[in-house]
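The following note sets out several points for a reader new to this structure. Please consult the sequence and the model alongside it.

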Amino acid sequence: MKNKGQMFIIAAIIMIVILIILKTGVNIPDIMQRNRELEGKFEHDFFVNVVDELTKTIDISYHQSNNITNNVYSFANFTRKKMTEKLQNFNFLYLGVITPASSGNDIMNVTVINLLNKPINATLQLNSFTPVNYSEMLDSTSWTTNYSITQGQTYTLIVGYNGTYSENVTIVTKINKAIYVGFFDVTLTGSETTYKDKFQKNHTLP
Amino acid sequence: MALEKTGELRKDTVNNNATSIQNKLNTYLPDFLNYTIVIFNETTNTTVKPVLTNENETLSISYFLSGDIDDFKPREVRVYMWGYE
């Protein structure tokens, strides 16, 4: 695991020292090229920090399960605002799924968050059930819907938008255990690099 | 040990303790470097921001944190640095 925080800062200091050395030892085109490479590395480390913290939002909200999705939404909004100030771009689609601790039949709560910087025509489909649709889901909005489920079963939830994007999210429910599933699709763009990541996090709640 | 790995950075940040972060970093950074730590929430700085006499000669780097266990508080830790050339 990477050293976060402190190493991030130390890396920046090292970058500065390297730049000073470069300025005295190489010609201008070399300096500019190396500067861009360093900025790209620096930007990449920052983007890794952003994605790590998005996932950690689930961890720190673990004991307040009803707040998990809202907290991810808030942190994503916070991040996008800050990155916009730095002339960077934050694109994020999120799916948060929670099922209660119970046995038999119950409700699966599903929330889609659109931070893709554009309105989308969003679609959800659980197993072979009829898809549900939210047309003109505006940027920076969320959409919550519920499904009837049987605890202990495994489900496939398909999230899509605009007929061009589709991802399968596997949800393994557990009898008498509450679960939370987060699906992240994030694209971060800066002056030098673009960072894309798409992944799923599964949690059994206390 | 990394401050983030031990949880110190997270705790200091949600407690708005930029001085503690700065003190912990002091041992790792070169003496010639002037720097200060400022913590921001979504809209403004929550610790004292220095008066930067020449922003063109000041670098800043940011680190984002979502909060600490059971204490959701999105924060930006920004390090301003100057006097490096």
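Which residue with a positive phi follows α3(A)? α3(A) is followed by A:Leu87, whose phi is near 60 degrees.

1. This is a predicted model, in which local features need pLDDT of at least 70, side-chain atom pairs count only at pLDDT 80 or more, and totals for chains, interfaces and linings use all residues. Residues are numbered from 1 along each chain as its sequence is written, while chains are lettered from A and ligands numbered from 1 in the order in which they are written.

2. Helix α3 of chain A covers residues 68–85; helices are DSSP runs of H or I with at least four residues, and strands are E runs with at least two, numbered from the N terminus. Its 18 residues reach 26 Å from first C-alpha to last, close to the expected 26 Å, where the expected span is 1.5 Å times one less than the number of residues.

3. Buried residues of α3(A) include A:Val72, A:Tyr73 and A:Ala76 (buried: 20 or more other C-beta atoms within 10 Å of the residue's own, with C-beta atoms placed from the backbone). Beyond four places in sequence, A:Val72 touches A:Leu54, A:Thr57, A:Ile58, A:Tyr94, A:Gly96 and A:Gly182 (contact: C-beta atoms, placed from the backbone, within 7 Å).

4. Chain B contains three helices and three strands, in the order α-α-α-β-β-β from the N terminus. Buried residues make up 31% of its 85 residues.

5. The C-alpha trace of chain B spans about 40 × 30 × 15 Å along its principal axes.

Definitions and conventions: Contact = placed C-beta atoms within 7 Å. Buried ≥ 20, exposed ≤ 12 C-beta atoms within 10 Å, placed from the backbone.
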